[in-house]
Amino acid sequence: MFYKELFEKYKEYQDELLCDSVKVLLSIPSHFIINDEQFIIKDLTLAIRKAFQIGLLNIYVASAAIDSLTRLVSKLPRKKALPFLNFITPMVSDFMVYEENIPI
């Protein structure tokens with residue numbers, strides 16, 4: 001399966017290849033999430049965290065992470081989604097930090 005291989009390899013990539021690989025992983029079809037192969041949900045959660053890290057410098061990756069997170073939460077039952085949300089939420093807080101010194 002292509003996604004499984006990419007989940008294993010993307011951590012070795014850098015720069016644009018890393019960004020593009022993460023965006024592909026974040027766009028994994030919903031039926032993989034619904035069918036709940038546990039490794040996919042866990043790996044997707046790790047990819048979302050990585051995307052939020054990259055997203056501090058690349059708005060397109062951050063947007064893909066938010067879309068993927070929204071899809072993950074909407075497709076999973078609340079009991080299954082909660083542990084993953086607890087793992088991802090600290091990454092989201094970096095986007096909500098208010099900086100006074102940034103010119104608008």
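**A helix and its surroundings**

Modeller: Lys 23 has a relative accessibility of 32% and therefore counts as partly exposed; buried means under 20% relative accessible area, exposed over 50%, and partly exposed lies in between, with a 1.4 Å probe and protein chains only. The model is a predicted one, in which local features need pLDDT of at least 70 and side-chain atom pairs count only at pLDDT 80 or more, while totals for chains, interfaces and linings use all residues. Residues are numbered from 1 along each chain as its sequence is written, and side-chain values use heavy atoms, with hydrogens and water left out.

Lys 23 forms a salt bridge with Asp 20, the closest N and O atoms being 3.9 Å apart. Such a bridge is a side-chain nitrogen of Lys or Arg within 4 Å of a carboxyl oxygen of Asp or Glu, and the count by this rule is 1. Both partners belong to helix α2, 3 residues apart, about one turn of the helix. Here helices (H or I, at least four residues) and strands (E, at least two) are DSSP runs, numbered from the N terminus. Asp 20 is likewise partly exposed, because its relative accessibility is 39%.

Ser 21 is also part of helix α2, which spans residues 15-26. With a relative accessibility of 5%, Ser 21 counts as buried. Setting aside residues up to four places away in sequence, Ser 21 touches Leu 6, Tyr 10 and Tyr 13, where contact means heavy atoms within 4.5 Å.

Another helix, α4, contributes Ile 54, which counts as buried because its relative accessibility is 13%. Beyond the residues up to four places away in sequence, Ile 54 touches Leu 18, Cys 19, Val 22 and Val 61. The C-alpha atoms of Ile 54 and Leu 18 are 9.0 Å apart, although 36 residues separate the two along the chain.

In soluble globular proteins, nonpolar side chains tend to be buried together.
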